[in-house]
Amino acid sequence: MEEIKSIQWFPGHMTKTKRKIESQLRLVDAVAVLLDARIPYSSCNPQLRSIINNKPRIIVLNKCDMADPAQTKKWLSLFREKNIAAIALDCKTGKGLNAFIPTVKNVLADRIESWNKKGMTGRTIKVMVVGIPNVGKSSFINRMSKQNRAKVEDRPGVTRGNQWFTIGKGFDLLDTPGVLWPKFDDPIVGEKLAYIGSVKDDILDTEQLAGRLLEYLRDNFPGPLCARYKLDSQEIIPMQGYEILELVGRKRGMLVSGGEINTERAAAAVLDEFRNASLGKLTIDRAEDYPDVRV
Ligand code: G4P
């Protein structure tokens with residue numbers, strides 16, 4: 001994981017983004033914080049809470065189609081216990097999206113009432129959408145605006161200009177001004193982001209990463225791992241990640257001439273299959289491990 005830690009995008013990039021977000025905050029009534037439902041803690045920018053300060057916020061656990069439903073429920077309860085509005089949805093099928101506008105209105109109920117009293121009935125509600133690269137901001141905005149106006153990029157960290165989108169009568173969304181990097185200085189967080197594919201693979205050694213992921217799955221999700229790759233849970237206990245990777249390659253018949261195992265191909269398969277939830281809906285930040293989470 002040295003590769004991840006050694007990349008110095010902090011603090012220069014963040015300083016710029018922080019300033020941009022802060023300068024746009026006065027234009028919005030609330031902030032929708034998009035988190036990846038598989039890693040709600042690790043997909044949150046560590047400075048976000050101080051940046052958005054006391055603006056009303058709504059947590060959106062996106063990609064819940066790939067997360068463990070029981071864990072998603074626990075995460076929602078955890079946020080709600082702290083009086084933070086939270087919803088879970090997925091932009092793949094659109095499930096849960098209908099709850100967004102009513103939740104925002106609920107969070108802003110007092111404000112809306114005071115607008116109404118002042119005769120500002122029907123004032124446009126403006127919400128800034130923030131989240132780390134690849135969490136699904138463009139997909140969310142696309143889905144909400146039901147038009148293909150937000151460009152969905154497949155490269156993490158694509159810089160965008162300020163963009164407003166109307167998602168319904170009297171309701172506008174503002175895309176994150178700047179790039180909100182995740183908490184890369186914590187190696188465990190960096191690994192989890194790499195597992196789910198939030199870090200460009202071309203800056204990583206994929207065999208090393210797949211090996212680490214296999215060890216992680218062996219220690220945390222042995223059932224789904226062994227079922228997927230027909231592994232013996234006892235046999236892999238003493239193994240290094242690379243050895244498990246070789247075993248996966250052999251089981252899959254991924255060989256190169258001379259009978260050697262094509263570990264590069266095996267690594268790509270393991271990473272792909274984990275990322276598209278072929279091993280099952282796995283949440284890797286468990287709610288019970290982050291009782292003090294704050295956003
Ligand atoms: P960003 O603006 O925050 O950077 O994220 P973006 O919307 O570009 O989404 C990043 C990737 O995540 C995209 O996949 C997108 O399709 C996928 N995605 C977004 N929301 C969901 C969700 O709720 N569930 C699932 N399963 N996937 C989601 P991609 O592979 O980069 O592109 P493509 O598959 O759309 O071509």
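How many disulfides does the structure hold? I looked, and the count is zero, a disulfide being a pair of cysteine sulfur atoms within 2.5 Å. Cys64 is in no disulfide, and the nearest cysteine sulfur, that of Cys91, is 9.1 Å away. Cys64 counts as buried because its relative accessibility is 16%; buried means under 20% relative accessible area, exposed over 50%, partly exposed in between, with a 1.4 Å probe and protein chains only. Cys226 is buried as well, with a relative accessible area of 11%.

**Ground rules.** This is a predicted model, so I keep in mind that local features need pLDDT of at least 70 and side-chain atom pairs count only at pLDDT 80 or more, while totals for chains, interfaces and linings use all residues. Residues are numbered from 1 along each chain as its sequence is written, and side-chain values use heavy atoms, with hydrogens and water left out.

**Confidence.** I checked pLDDT, the predictor's confidence in each residue from 0 to 100. The chain mean is 89, and 90% of its residues reach 70 or more. Over residues 1-9 the pLDDT is below 50, and this stretch has 19 contacts beyond near neighbours in sequence; contact means heavy atoms within 4.5 Å. Residues 150-160 also have pLDDT below 50, with 26 contacts beyond near neighbours. Where pLDDT is low, the predicted coordinates should not be read in detail.

**The sheet.** I traced an open sheet of six strands in the order E3-E2-E1-E4-E6-E5, with mixed pairing. Strands pair if DSSP finds at least two bridges between them; helices (H or I, at least four residues) and strands (E, at least two) are DSSP runs, numbered from the N terminus. The edges are E3 (85-88) and E5, each pairing on one side only. Neighbouring strands are turned by 25° against each other on average, direction ignored. For angles, axes are lines fitted to C-alpha atoms, for helices over the stretch in contact, and values run from 0 to 180 degrees between N-to-C directions.

Next I went to E6. Why call strand E6 (residues 171-175) largely enclosed by the rest of the structure? Because five of its five residues are buried. On one side these are Phe171, Leu173 and Asp175, and on the other Asp172 and Leu174. E6 pairs with E4 (residues 125-130) in the parallel sense over five bridges, and Phe171 is the bridge partner of Ile125. With E5 (residues 164-168), E6 runs antiparallel over four bridges, where Phe165 stands opposite Leu173. Two residues lie between the strands of that hairpin, and Gly170 takes a positive phi near 75°.

On to E1 (residues 30-36): E1 and E4 pair in the parallel sense over four bridges, with Val31 partnered by Met128. Helix H5 (residues 100-107) packs on the sheet and touches E1, E2 (57-62), E3, E4, E5 and E6; the H5 direction makes about 155° with that of E2.

**Cores.** A nonpolar core is a set of buried Ala, Val, Leu, Ile, Met, Phe, Trp, Tyr and Cys residues joined through side-chain atoms within 4.5 Å. The largest has 63 residues, and those with the most contacts inside it include Phe100, Val127 and Leu173. A second, separate core of 30 residues includes Ile51, Tyr290, Val293 and Val295.

**Leu213.** I found Leu213 in helix H9 (residues 206-220), and it is buried at 0% relative accessibility. Leu213 touches Tyr195, Val270, Leu271 and Phe274, not counting residues up to four places away in sequence. Leu213 and Val270 are 57 residues apart in sequence but 8.4 Å apart in space, C-alpha to C-alpha.
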